[in-house]
Amino acid sequence: MVKKSWVKKKLNSLLALVIFCSIVIPVTQVSAETTDTKLKAVQDKGFLVVGLSADYPPYEFHQTVDGEDTIVGFDIDIANKIAEDMGVKLAITEMNFDSLLGALQTGKIDMIISGIAPTPERLKQVDFSDPYMDVNQKVVVRKGDADKYKKVTDFKGVKVGVQKQTTQEALAKNELYGSKPVSLQKVPDLILNLQEKRLMHWF
């Protein structure tokens, strides 16, 4: 669980504008005939390997628990429940967000639980679960700049920070007309760049 103070500390000088999307769980594409084989393979090895990018609170993030750095969050609770229902242990593999789909396709991980939304391009590569959460995507600006940005055309010529290979990256390119998307690996880097005015917005 994320403390409200963490969110307030990170966003107390920012203003969010909301866009809708859904979060689902991607798995490798399999036919009905091979589903049982995939399940048995996971059960035989005794653990479910879940890939994620642990920089996205409250879904997955690092926190000190009993003196140890631990990945926690809502998605971790879901992953633990899935592993429990399968009768296996959970093994978490952390990597950059833009490496997750490749790792899934090559068999390095069994599934992704990392705040990832389905897109037509992703659906060509992997299967997705039914949505387990509806969330709000946000364009975040510094509070002092809130009055400057009321419509998508206001972002023309402006640097907008996005995480690499995310739906936000595509939305910034396609919906924030004339903006200049800047793609970074980690969400905390986007927050820092926004606070230090190296970016005007974070999507």
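How many of the 203 residues of the protein chain count as buried? The share is 39%. Keep in mind as you explore that this is a predicted model.

**The whole chain**

The protein chain holds 7 helices and 13 strands. If you display contacts with a separation of 6 or more, 66% of them link residues 24 or more positions apart.

Select residues 159-163, which make up strand β11. Of its 5 residues, 4 are buried, so the rest of the structure largely encloses this strand. Zoom in on V160 and you will find P181 of β12 opposite. To see how the chain gets from β11 to β12, colour residues 167-175: this is helix α6, and the β-α-β crossover that passes through it is right-handed.

**Stop two: a sheet of three strands**

Now move to the open sheet whose 3 strands come in the order β4-β5-β6, with antiparallel pairing. Select 55-56 for β4 and 68-72 for β6; these are the edge strands, each pairing on one side only. Then select residues 60-65 to bring up β5, which pairs with β6 in the antiparallel sense through 5 bridges. Finish by showing V65, which faces E68 in β6.

Notes:
Residues are numbered from 1 along each chain as its sequence is written. This is a predicted model: local features need pLDDT of at least 70, side-chain atom pairs count only at pLDDT 80 or more; totals for chains, interfaces and linings use all residues. Side-chain values use heavy atoms; hydrogens and water are left out. Helices (H or I, at least four residues) and strands (E, at least two) are DSSP runs, numbered from the N terminus. Buried means under 20% relative accessible area, exposed over 50%, partly exposed in between (1.4 Å probe, protein chains only). Contact means heavy atoms within 4.5 Å. Two strands pair if DSSP finds at least two bridges between them. A crossover is right-handed if, with the strands pointing away from the viewer, the path from the first strand over the helix to the second runs clockwise.
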